[in-house]
Amino acid sequence: MGMNTGYKKIIFIDDDTEMVRIYNSVLEQKKLSDYLIHFENAQKGIEYLKRINKEEDLPDYILLDLYMPVMDGFKFLHYFNELKKLKKSIEVFVCSSSQNQDDRNKVMKYPFVSAYLEKPLSTDFIELLIEDSVH
């Protein structure tokens, strides 16, 4: 599959499956839903990233929820930081409904975390990322 359309690939790690369904149905209409890959917990996200062995298969962005069962966003960032093979600069956006300044400070310490965003994210934002008109 030559997916060389210039679209960006996003991994979305969030246990709110209802919200993901909404994003996907909006993206579906715009033929962009292939570019959003969802995991309902961070452990599955890490396992997926570990399995990738071609750099071009890595996502461009990770949208990460902070508070999830099994493995939370803080742990994810810790493990992600250890994955040395991720040479490609993946930008992580942390999404949280908490306005907790400590949470924010904790995640912004990682150089690969681009922003701390308030949930819910707008579908427009996700479209922008995929179409990469953010930069």
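Lys 119 is buried, with a relative accessible area of 17% (buried means under 20% relative accessible area, with a 1.4 Å probe and protein chains only). This is a predicted model, in which local features need pLDDT of at least 70 and side-chain atom pairs count only at pLDDT 80 or more, whereas totals for chains, interfaces and linings use all residues. Residues are numbered from 1 along each chain as its sequence is written, and side-chain values use heavy atoms, with hydrogens and water left out.

**Lys 119**
- Lys 119 lies in the loop between β5 (113-118) and α5 (123-131), where helices (H or I, at least four residues) and strands (E, at least two) are DSSP runs numbered from the N terminus.
- The side chain of Lys 119 makes polar contacts with the side chains of Asp 14 (2.9 Å) and Asp 65 (3.2 Å), a polar contact being a pair of N or O atoms within 3.5 Å; within protein, one must be able to donate a hydrogen and the other to accept it, and residues adjacent in sequence count only if both atoms are side-chain atoms.

**Sheet**
- Five strands form an open sheet in the order β2-β1-β3-β4-β5, with parallel pairing (two strands pair if DSSP finds at least two bridges between them).
- The edge strands, β2 and β5, each pair on one side only.
- β3 and β4 pair in the parallel sense over five bridges, and Ile 62 stands opposite Val 92 in β4.

**Cores**
- Of the 28 residues in the largest nonpolar core, Ile 62, Phe 76 and Leu 77 touch the most other members; such a core is a set of buried Ala, Val, Leu, Ile, Met, Phe, Trp, Tyr and Cys residues joined through side-chain atoms within 4.5 Å.
- A second, separate core of 20 residues includes Phe 12, Leu 32, Phe 93 and Phe 125.

Definitions and conventions: Buried < 20%, exposed > 50% of the residue type's maximum accessible area, 1.4 Å probe, protein only.
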